[in-house]
Amino acid sequence: MLAFESLLDALRAAGEPTRLRILALLADATLTVSDLTEILRQAQPRVSRHLKLLTDAGLIERTAEGAWAYFHLASSDPRVQVARAALHSLAGADPTLASDRERLAAVRADRATEAQRFFDQHAGEWDAIRQLHVGDERVEQALLDTLDRRAYRSVLDIGTGTGRLLELLGRRIERGVGVDVSPRMLSIARNKLDQAGLRHCRIRQADLHALGVPPNSFDVAIIHQVLHLLDDGAAAIREAAGTLTPGGRLIVVDFAPHTQERLRHDFAHRRLGFTPEAIETWMAAAGLSPTTCETLTPEPNTNGRIAISIWVGSDPRPTDPDPTTEPSSAPLDAATSATRETTPS
């Protein structure tokens, strides 16, 4: 429920032509001040003032990434539900909004071109690594199978890179957040989610050791192919564990132990894979209960392929006992502390 003054402040903030246009744009995309200046054809100071008023009213949120700042509709503030209802009632053929959408499409096209240029420059590097490990399709299917053993509504993708996991999971969840330290990767991820229409998924900059996420925020946190790049993987797991709801899960996907020494020199890998015991020890030290570890072994007739392991650790706190709400997680249907190895059929 909303307090009278709180709702009144939100309506006052939205009740101005430019600010209403901004809200309509941010309902469709996450944008910078520069993006909005280009779309609205207004001076940057003027646009910034409007953004501040909307932020102060709780209708939009600001996420800083270095010298840049990104804006999007607030994720959970009840005032935003009022704004969304108002935006939904707007006439789709309104000429001003139609012009804004056309310029928004041009901004998106520029982002896509930049992303493709980056992919073209680095495709060889990524292809070289992919050829060394178990195929991405098998890993993704195994991850989905692992996730679907319990109900979940929200996902934090730590080290999101190009946003592939949120793209994969977006239709299955109510809320997703991807974090990464690289502005270029964030730009690519944001563009991919934008093109996929996943408005309920957000991208923001954060260090893996300082996520800036409140406790009890996510049913699932995923660290996918990141730990082998870190000096202190245990610290990253501790930070991730602190974001989970009671009964939530941390899922780690990374290389099993291997001997591809050149990955240290060519791709800055700090660790050549992890034993099941190593990750389970870090999870236990972070207050989680390690439950499963599944190892996907290389396909037959491949040379030099590296196995991939998937670890699951659960927050030991009891889940919400309220039977009227769907739990964010339920008991595993398999025995805990199970470690198994799979090969392709």
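**Entry 1: the main core**

I looked up the largest nonpolar core of this predicted model and found 32 residues, of which L147, I222 and I251 touch the most other members. By nonpolar core I mean a set of buried Ala, Val, Leu, Ile, Met, Phe, Trp, Tyr and Cys residues joined through side-chain atoms within 4.5 Å. Buried is under 20% relative accessible area, exposed is over 50%, and partly exposed lies in between (1.4 Å probe, protein chains only). At least two residues of this core come from each of α7 (136–147), α8 (164–169), α9 (183–196), β6, β7, β8 (244–255), α11 (262–267) and β10 (308–314). I noted that α7 gives the most, with five residues. Helices (H or I, at least four residues) and strands (E, at least two) are DSSP runs, numbered from the N terminus.

I then listed what I251 touches, not counting residues up to four places away in sequence: L143, T146, L147, V220, A221, I222, I223, I310, W311 and V312. Contact here is heavy atoms within 4.5 Å.

I followed L51, which is placed in helix α4 (residues 44–56). L51 counts as buried because its relative accessibility is 1%. Leaving aside neighbours within four places in sequence, L51 is in contact with I22, V33, L36, I60 and F71. I also checked L51 against L23, 28 residues apart along the chain: their C-alpha atoms are separated by 9.5 Å.

**Entry 2: positive phi**

Most residues other than glycine have a negative phi. I recorded N216, not a glycine, with a positive phi of about 60°. N216 is found in the loop between β6 (201–205) and β7 (218–224). Its relative accessibility is 41%, so N216 counts as partly exposed. Q225, also not a glycine, has a positive phi of about 55° and lies in the loop between β7 and α10 (233–241). At 18% relative accessibility, Q225 counts as buried.

**Entry 3: the whole chain**

I noted twelve helices and eleven strands. Of the 345 residues, 49% count as buried. Among contacts with a separation of 6 or more, 71% are between residues 24 or more positions apart. The chain exposes about 16,500 Å², of which carbon and sulfur atoms supply 52%; I took areas from the Shrake-Rupley method with a 1.4 Å probe.

**Entry 4: conventions**

Residues are numbered from 1 along each chain as its sequence is written, and side-chain values use heavy atoms, with hydrogens and water left out. In this predicted model local features need pLDDT of at least 70 and side-chain atom pairs count only at pLDDT 80 or more, while totals for chains, interfaces and linings use all residues.
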